[in-house]
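Open the structure in your viewer and keep the sequence beside it. This tour tells you what to select at each stop.

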Amino acid sequence: MHLANAQTPVDLGTIWNEQEAGWQGAWTRVGRSNTFQAVWTKDNRVVRASLQMTVSGNVVSITRDDTSGPGVGKAGCEYTGTVKGNMIAGDYNCAWSKAAGKWKATISR
């Protein structure tokens, strides 16, 4: 069994293909920063947001600020997820939503 070196930082990659509550998300990294531009689609609806990521070990914390869609101007969302290889999964909670949810993504490097 191979254990990941705790000192090895998580590679945030360039594009995350994300899924949550029936929405399909494409999160695209801005250069080599911890900022991503996100677009979600569901049926004929589109939501866009700016994401700011922080990494601690293999846990990623994400703050979402919607730039289009019904969440604009409202308190944002907080995501946490655990990275395993190029997969990440966790929970999220939006200030404007009644319930927390689950999300998952595949990181493209």
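**Stop 1: a buried arginine**

Select R64 and Y79: their side chains make a polar contact at 2.8 Å. A polar contact is a pair of N or O atoms within 3.5 Å; within protein, one must be able to donate a hydrogen and the other to accept it, and residues adjacent in sequence count only if both atoms are side-chain atoms.

Before going on, some ground rules. This is a predicted model, in which local features need pLDDT of at least 70 and side-chain atom pairs count only at pLDDT 80 or more, while totals for chains, interfaces and linings use all residues. Residues are numbered from 1 along each chain as its sequence is written, and side-chain values use heavy atoms, with hydrogens and water left out.

Is R64 buried or exposed? R64 is buried, because its relative accessible area is 5%. The cut-offs are under 20% for buried, over 50% for exposed and partly exposed in between, with a 1.4 Å probe and protein chains only.

Show what surrounds R64. Leaving out residues up to four places away in sequence, R64 touches residues including E20, W40, V47, L51 and W96. Contact here means heavy atoms within 4.5 Å.

**Stop 2: the strand that holds it**

Select residues 59-68. This is strand 5, and R64 sits in it. Strands are DSSP runs of E, at least two residues, and helices are runs of H or I, at least four; both are numbered from the N terminus.

Two strands pair if DSSP finds at least two bridges between them. Look across from R64: C77 of strand 6 stands opposite.

Turn to strand 4 on another side of the pairing. Strand 4 and strand 5 are antiparallel too, with nine bridges. One of the partners to find is A49, whose bridge partner in strand 5 is D66. Two residues separate these strands in their hairpin, where G57 takes a positive phi near 65°.

**Stop 3**

Zoom out. How many strands close into a barrel? Eight do, in the order 1-2-3-4-5-6-7-8, with antiparallel pairing. Neighbouring strands of this sheet are turned by 30° against each other on average, direction ignored. Axes for such angles are lines fitted to C-alpha atoms, for helices over the stretch in contact, and angles run from 0 to 180 degrees between N-to-C directions.

Now select residues 101-108, which are strand 8. In a regular strand the side chains alternate between the two faces of the sheet. In strand 8, G101, W103, A105 and I107 point to one face and are buried.

Strand 8 has partners to check. Strand 1 (residues 15-20) runs antiparallel to strand 8 and is joined to it by six bridges. In that pairing, I15 has S108 as its bridge partner. Strand 7 (residues 87-94) also pairs with strand 8 over six bridges, again antiparallel. Find G90, which stands opposite W103. Six residues lie between strand 7 and strand 8 in their hairpin.

**Stop 4: inside the core**

Select W16, W27, W40, I62 and W103. They have the most contacts inside the largest nonpolar core, which has 23 residues. Such a core is a set of buried Ala, Val, Leu, Ile, Met, Phe, Trp, Tyr and Cys residues joined through side-chain atoms within 4.5 Å. Strand 4 gives the most to this core, with four residues.

Keep W27 and W40 on screen. Both are buried. Their rings form an edge-to-face aromatic pair, 6.0 Å centre to centre with 75° between the planes. Rings of Phe, Tyr and Trp (its six-membered ring) pair if their centres lie within 6.5 Å; planes under 30 degrees apart are stacked, over 60 edge-to-face and the rest tilted. W27 is in strand 2 and W40 in strand 3, 13 residues apart.

**Stop 5: a turn on the outside**

Finish at D43, in the loop between strand 3 and strand 4. D43 is exposed, with a relative accessible area of 72%. Its phi is positive, near 55°. Most residues other than glycine have a negative phi.
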